[in-house]
Amino acid sequence: MTGKAHTSPSARKGRTSPRGGTSGRSAPSTGGALDVDALLDDRTTEIVVCCGSGGVGKTTTAAALALRAAEKGRAVCVLTIDPARRLAQSMGLTELDNTPRPVKGAALDGGSLDAMMLDMKRTFDEVVEQHATPEKAAQILTNPFYVALSSSFAGTQEYMAMEKLGQLHATGQWDLIVVDTPPSRSALDFLDAPDRLSSMLDGRFIKLLLAPAKGPARLISAGFGIVTSALNKILGAQVLTDMQTFIAAFDTLFGGFRQRAEGTYALLQAEGTAFVVVAAPEPAAMREASYFVERLAGEGMPLAGLVVNRVHETGADGITAVDAESAARKLDDAGTADERATGELLTIHAERMRVSAREERLKRRFSAAHPGVPTVSVAALAGDVHDLDGLRRIGDLLAGDD
C-alpha cells in the first residue's frame, strides 16, 4: 500500500511457500474479546476478509467495518461478491458495479470509502484485455467456449475474486480493503483457486487439446484422432473446435493466471491480512464457523476472530425463565385484562431467556473447542440495516461501544 515497502511472497517472514506454508502472523494464542477498533486502527492491517455461512449478516458486518475504518481516517474499499446486492442498499447506493464508487454521506475525517461488487465476467474480460495483444484478446473474447467459461463455469467467481483483490491491492489507492465473501463453504473456495487452476492447466486433457497446435503433425498419434472422434460424438464437433481454439489462444496467458493467483494467495497469508469469521448463534452456523476457523488454521491464514451476530439479549436478567412462566400462569388464572397482558409479557421473557441460554451454550461450546479465537457478540437489532446510520450502529456494537 501507499507508503509501505512490500517484499515478495517468498521473502515474507515465516512463510515457506504460497501453499501449505506458515503465515507471518499466527493465530491469537489466547481468546477473550475481539478488539475490532484495534484491528481497524492498526495501519499494518491492509486486508480484512469476512467469511461465514449464508444469512448470518456477513455483508452487513463487512460494510460496518469498512465504514468505521473510513470514519477513523483510513482510505477504504469494500468489495462484495454477494449477488444479492445488499451492500449497495446498506450504503444508500442504488447499485454497485465492477468499479469502486465513492460512498456519500459518511462522516469522513481525512478518510475515504469506496464500494464495489464483483462482476465475474467483466473482471475476466479485463484480465484478457490487459494481458493479451488486441488481436489475441478479440479472438478470446468472442470465442463461445470462453463466453461460457467466464459467465458460469464452476469456480470462476472465486478465482476472479482473487484477481480483483490482487488488482485493488496493487493500485496502492487504499490502505484497507474489506472483502465480503460468498455464502456457505464456497466462501473459502478462493483459497483453492491456485491449485484448481494449476490442475486444470496442467491436466492431460488440456495438453491433449493443445497438442495439434503445439506439435508437428508427425508427432500427433493415432490415439488423438480416436479421442477427438469420441469427444466429437459426446460434445459435438463445433464445441470441441471452440474449446481447441480457445485453449490455443489462451495458452500464452496460463502462466500469468497461475502466478497472480499464487501471489494473491500469498497476500492472504501475509501479516497485513486478517480473516473475520461471522456466524449466527445457531447450531448450523456455529458448526460452519468451526469449519472456517479450522480451515484457515490449516492453510496458515491469519485469523482475527469470530463475530457472533444477532445475539438475543434478555433485558431483565433478574427474572428467571422458570419464575416468569410460573408468574405468567398465575396471572392468566386471575383473568383481568391487565394481568393477562402482563402474563403474556412474562411468557415472552421466559422464551427469550431460554433462547439466550441456548445461544450462550453454543458460544461456550465454540470457545471450548477453539480457546485461542477472540470473539465478539453483536446484539440483534429490531429492524434491518439499510443505511449508514444502521451500519454505524453495527460498528458500535462490534467495537463494544454500546
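## Terms and basis of the model

Two strands are taken to pair if DSSP finds at least two bridges between them, and helices (H or I, at least four residues) and strands (E, at least two) are DSSP runs numbered from the N terminus. This is a predicted model, in which local features need pLDDT of at least 70 and side-chain atom pairs count only at pLDDT 80 or more, while totals for chains, interfaces and linings use all residues. Residues are numbered from 1 along each chain as its sequence is written, and side-chain values use heavy atoms, with hydrogens and water left out.

## Overall composition

The secondary structure of the protein comes to 15 helices and eight strands. Of its 402 residues, 47% count as buried, a term that means under 20% relative accessible area, with exposed meaning over 50% and partly exposed in between (1.4 Å probe, protein chains only). Among contacts (heavy atoms within 4.5 Å) with a separation of 6 or more, 79% join residues 24 or more positions apart.

## The sheet and its helices

The eight strands form an open sheet of mixed pairing, in the order 3-4-2-5-1-6-7-8. Its edges are strand 3 (101-102) and strand 8 (375-379), each of which pairs on one side only. Strand 3 is joined to strand 4 (residues 112-117) in the antiparallel sense over two bridges, and Arg101 stands opposite Ala115 in strand 4.

Helix 2 (residues 58-71) packs on the sheet, where it touches strand 1 (47-51), strand 2 (75-80), strand 4, strand 5 (176-180), strand 6 (273-279) and strand 7 (303-311), and its direction makes about 170 degrees with that of strand 5. Helix 12 (residues 283-298) also packs on the sheet, touching strand 1, strand 6 and strand 7, with its direction at about 160 degrees to that of strand 6. These angles run from 0 to 180 degrees between N-to-C directions, the axes being lines fitted to C-alpha atoms, for helices over the stretch in contact.

## Nonpolar cores and cavity

A nonpolar core is a set of buried Ala, Val, Leu, Ile, Met, Phe, Trp, Tyr and Cys residues joined through side-chain atoms within 4.5 Å. The largest has 53 residues, of which Leu191, Leu268, Phe275, Val277, Leu296 and Leu306 touch the most other members. Helix 11 (residues 237-269) gives the most to this core, with nine residues. Apart from it lies another core, of 43 residues, including Val76, Val78, Val307 and Leu391.

The structure holds one cavity of 30 Å³ or more, a cavity being a set of points, on a 1 Å grid over the protein atoms alone, where a 1.4 Å probe fits but cannot get out. About 70 Å³ of space lies in the largest cavity. Its lining, made of residues with an atom within 4 Å of a point, includes Val49, Phe190 and Leu268, and helix 7 (residues 156-171) gives the most to that lining, with three residues.

Strand 7 and strand 8 pair in the parallel sense over four bridges, and Val308 has Ser377 in strand 8 as its bridge partner. Four of the five residues of strand 8 are buried. Arg310, which lies in strand 7, has a positive phi, near 60 degrees, and counts as partly exposed because its relative accessibility is 39%.

Lys363 lies in helix 14 (residues 337-369) and counts as buried because its relative accessibility is 13%. Beyond its neighbours within four places in sequence, Lys363 is in contact with Met286, Val308, Val311 and Ser377. Lys363 and Val308 are 55 residues apart in sequence, and their C-alpha atoms are 8.1 Å apart in space.

Definitions and conventions:
On a 1 Å grid over the protein atoms alone, a cavity is a set of points where a 1.4 Å probe fits but cannot get out, and a pocket is an open set with protein on both sides within 12 Å along at least five of seven lines; lining residues have an atom within 4 Å of a point. Grid points are joined across faces, edges and corners, and a volume is the space filled by probe spheres set on the points.
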